[in-house]
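Thank you for letting me take a few minutes of the meeting. Please have a look at the chain on the screen, and then I will walk through some of its features.

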Amino acid sequence: MSDDTTQDQAVRVSSRRLAFVAVFSGIAMATGQAPLSLWYVAVLGLLAVFWFSKDVRSWKQAAVYGWLVGSSYFAASMYWIIEPFFVDAARHGWMAPFALVFLAGGLALLWGGAFALAFRLRPSAWHWSLALLWGGMELVRGYLFTGFPWGMFGYIWIDTPLAQVAALVGPYGLTLASFLLAAGIVSSGDRGMKPLRVISVLAAIGLLWFGVQHEKIEPIANADAPIIRLVQTNAQQDQKWLPDMIPVFWQRNLTLTADRELDGKSPDVIVWPETAIPYLFHDESTVPEIISDAAQGAVVIAGGQRRSPEGFHNSMMVIGPDGAVQDIYDKHHLVPFGEYIPGGSLLGRFGLSGLAQQIGSGYAPGAGPEILSLGRSGAVLPLICYEAVFPRDLRVNGQRADWILHITNDAWFGDFAGPFQHHVQARFRAIEQGLPVARAANTGITAMIGPNGDVIQSIPLGVSGAIDVALPEPLKPTPYSRFGEIPVLVLLLAGLLGVFWFKRREKSH
């Protein structure tokens, strides 16, 4: 057997081993996401990715290695994406496997690109350049083509002190820090890396100290704090729009609204979930009065659909004690292929429309993030469903709300991973902004979340009910709420300049 043949066989064996490691490491990383929340398994998977990356022999192999890690990670953590297609399985079920394959494989292209670029740089600080570029691609994922930052690695830390680091640098910064710390551990035996190892250890100690201290903050509700009632309808998605079930869910919402005192005090604000009003809002002139009568003096904030000159909207209506509509917020960050079809005006002629909307060929976006005034109950930042996934949707022209209101219909996501992961992201929005989050979800998880991400009170998945909770006080503005992604961008730039410096020093020696 020739030396060339032996070498080719060794390359094939190495490639198969790398593929095996990539797939299983990606799956291990995915177990850190809710509801499994096995962060320690996820960390082992991440360390394995970095450790075996040293066996990559070309930029093409690096790209495939990174793509396989990403494909397995996204497929294992986001398999819930198939659930909406089975709400009406006869019409849409055939699309489910394609949706999962294209989503996982498409998002993984960014990871493959990061690994390939890191190989092309490939200084002695290989693991560090990989961590920086990988973290940078996660930031790109949050913005590219309207963005889809669901399932960032940093979310595995939600029930640990490290989650509080999001108040400093946000979820992108926490994800980047996770990658850098893993790189520091794996490269601890590399020669010439002592300064980076020292920085890595000091950074880990500093972040952990900050997280422990910040986690100790107890949410405080003053004696005269407004009482927020959160209603969970529990309308299953395959039943929600059936003509004979619409009155059932409508009456359930009214009954939960009319109960005067769940916990000894009457509510100041009552919140219904996303699209809880089953009638096109402006076509039923008596709807606000009916809701107001049931609320008996409380303000009601309810999700529904309405029409404007721009089109149909997925909206949030604020109904005052007198039955008048005080304010309306239209969802602006819509779900591609769910609430609208890109190029929908053309494709709508062929009968294609978003899965989630019930009228027209898709929703029209609202004007953008805004803050609503509720008088004694303070200023609230409204988010409808998907908008809670995006940290950037919580920044409103320098204004700061007193609390965040998130209404959603997670019945689309099934009853396992999707609703739990969405809930975790709402908890991170609280940490990042230092604001309490009141969350009303159709089938759950409905919760009042404190400004440090702790769940104060909640309704479990899959039941109907309501809770009355005193609204906690907000914390002081967090560094992340003031500076956003700027510190992360500065760190990425400084780190990549450092990588180029290492590469230049290698050439000179």
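Predicted model: local features only at pLDDT ≥ 70, side-chain atom pairs only at ≥ 80, totals over all residues.

Which residues line the second largest cavity? They are Gly 32, Gln 33, Ala 34, Ser 37, Tyr 155, Ile 156, Ile 158 and Val 424. Residues are numbered from 1 along each chain as its sequence is written, and side-chain values use heavy atoms, with hydrogens and water left out.

A cavity here is a set of points, on a 1 Å grid over the protein atoms alone, where a 1.4 Å probe fits but cannot get out, whereas a pocket is an open set with protein on both sides within 12 Å along at least five of seven lines, and lining residues have an atom within 4 Å of a point. Grid points are joined across faces, edges and corners, and a volume is the space filled by probe spheres set on the points.

By this rule there are two cavities of 30 Å³ or more. The second largest cavity has a volume of about 30 Å³, and its lining divides into five nonpolar, three polar and no charged residues, where Ala, Val, Leu, Ile, Met, Phe, Trp, Tyr, Cys and Pro count as nonpolar, Asp, Glu, Lys and Arg as charged, and the others, Gly among them, as polar. The largest cavity has a volume of about 100 Å³, and of the 14 residues that line this cavity, the closest to its centre are Lys 240, Phe 249, Thr 275, Ala 276 and Pro 278.

Pro 35 is found in the loop between helix H1 (3-30) and helix H2 (39-52), where helices (H or I, at least four residues) and strands (E, at least two) are DSSP runs, numbered from the N terminus. The elements that give two or more residues to the lining are helix H6 (126-141), helix H7 (166-186), helix H8 (194-215) and helix H14 (486-508), and H14 gives the most, with eight residues.

What is the order of the strands in the open sheet of six strands? The order is E6-E7-E8-E9-E10-E11, with mixed pairing, and two strands pair if DSSP finds at least two bridges between them. Strand E6 (372-373) and strand E11 (455-459) stand at the edges, each with a single partner strand, so one side of each is left without a neighbour in the sheet. Inside this order, strand E8 (residues 403-408) and strand E9 (residues 437-441) run parallel and are joined by five bridges, with Ile 407 opposite Ala 440 in E9.

To finish with a backbone detail, Gln 296 has a positive phi of about 50° although it is not a glycine, and Gln 296 lies in the loop between helix H10 (287-295) and strand E3 (299-308).
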